[in-house]
Amino acid sequence: MSSGREQSVRETDVEVNTPDGLCDAVFIHPARGSHPGVLLWHDSPGLRPVMRDLGKRMAGEGYSVLVPNLFYRAHRAPVFDASFDYANSAADREKYAQTVASFLAPGAAERDAVAYIAFLDSQPQVNKKRKIGTHGYCLGGPYIIRTAAAMPDRVGAGASFHGGFLVTNKPNSPHLLAPKIKGRLYFAIAGDDDKREPEVKNELRVAFAAAKVRAEIEVYPNARHGWCVPDSKAAENKQDAERAWGKLVALYKQAL
């Protein structure tokens, strides 16, 4: 689903100054004008062509999009090549653990989020009078919550697609940040994820309702984890992927 008014876009490789170093990223925006900024948090395989494509698709809807390499502390993108096999290679699992450790360190992503939004706000293609949007896939899903909580007056909307670890039993669980959030949120949960952790959707609903945060939590019963990312093994469910994309576009149109 799209607006039917896709704009021509420009894509530029950039570097973002963060407190922890230079982050390689891609900045994609409509060829003309200034537009609401959007921060995209990629999934576990990292910043790669399909994430650029998702950024370009969003830019085509009329947004100026930053897609950072979340693993910049460890490696420049692309971090993992086509032979990477987490499920069947112990060496690849070890490489993944080493790669993501610095990103997962307490407070690291929050520092990044502030730097990423500062970068967006410094670009002439970003309309600073409009709110920022942020969405994430899989690994990136919970960081839309952390971003919205870290910069509540700047972030107008966030969306998580098959996000992991949205609710944990740790004191820094993302869902506990609900009282700090002012923007609108949308959570698209895969059917297989929901079967493994059926309590997550309920915990999210309770947390956001208590905090009076406008949040929609939706389970896609026929979708498997990863269905919104075109290079995923679950991407054959194109109907649900397009439906989820339409929900994201509608959210941004209403809230940014």
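These legends go with close-up views of a pocket and a helix pair in a predicted model.

**View 1. The second largest pocket and its space.** Here we zoom in on the second largest pocket, which holds about 200 Å³ of space. Its lining is made up of 14 residues. If you want to find the middle, look for Arg57, Cys228, Pro230, Ala241 and Glu242, the lining residues that lie nearest the centre.

**View 2. What the second largest pocket is lined with.** Sorted by class, the lining has 11 nonpolar residues and 3 charged ones, with no polar residues. Two helices, α1 (49–60) and α7 (238–255), each put at least two residues into this lining. The top contributor is α7, which gives 5 residues.

**View 3. How α1 and α7 cross.** Now for the two helices themselves. The axes of α1 and α7 come within 11 Å, and they cross at roughly 50 degrees.

**View 4. Where α1 and α7 touch.** On the α1 side, the residues in contact are Leu54, Arg57 and Met58. Across from them, α7 brings in Glu242, Trp245, Leu248 and Tyr252. By class, this contact has 5 nonpolar and 2 charged residues, and no polar ones.

Methods:
Residues are numbered from 1 along each chain as its sequence is written. This is a predicted model: local features need pLDDT of at least 70, side-chain atom pairs count only at pLDDT 80 or more; totals for chains, interfaces and linings use all residues. Side-chain values use heavy atoms; hydrogens and water are left out. On a 1 Å grid over the protein atoms alone, a cavity is a set of points where a 1.4 Å probe fits but cannot get out, and a pocket is an open set with protein on both sides within 12 Å along at least five of seven lines; lining residues have an atom within 4 Å of a point. Grid points are joined across faces, edges and corners, and a volume is the space filled by probe spheres set on the points. Helices (H or I, at least four residues) and strands (E, at least two) are DSSP runs, numbered from the N terminus. Ala, Val, Leu, Ile, Met, Phe, Trp, Tyr, Cys and Pro count as nonpolar, Asp, Glu, Lys and Arg as charged, and the others, Gly among them, as polar. Axes are lines fitted to C-alpha atoms, for helices over the stretch in contact, and angles run from 0 to 180 degrees between N-to-C directions. Contact means heavy atoms within 4.5 Å.
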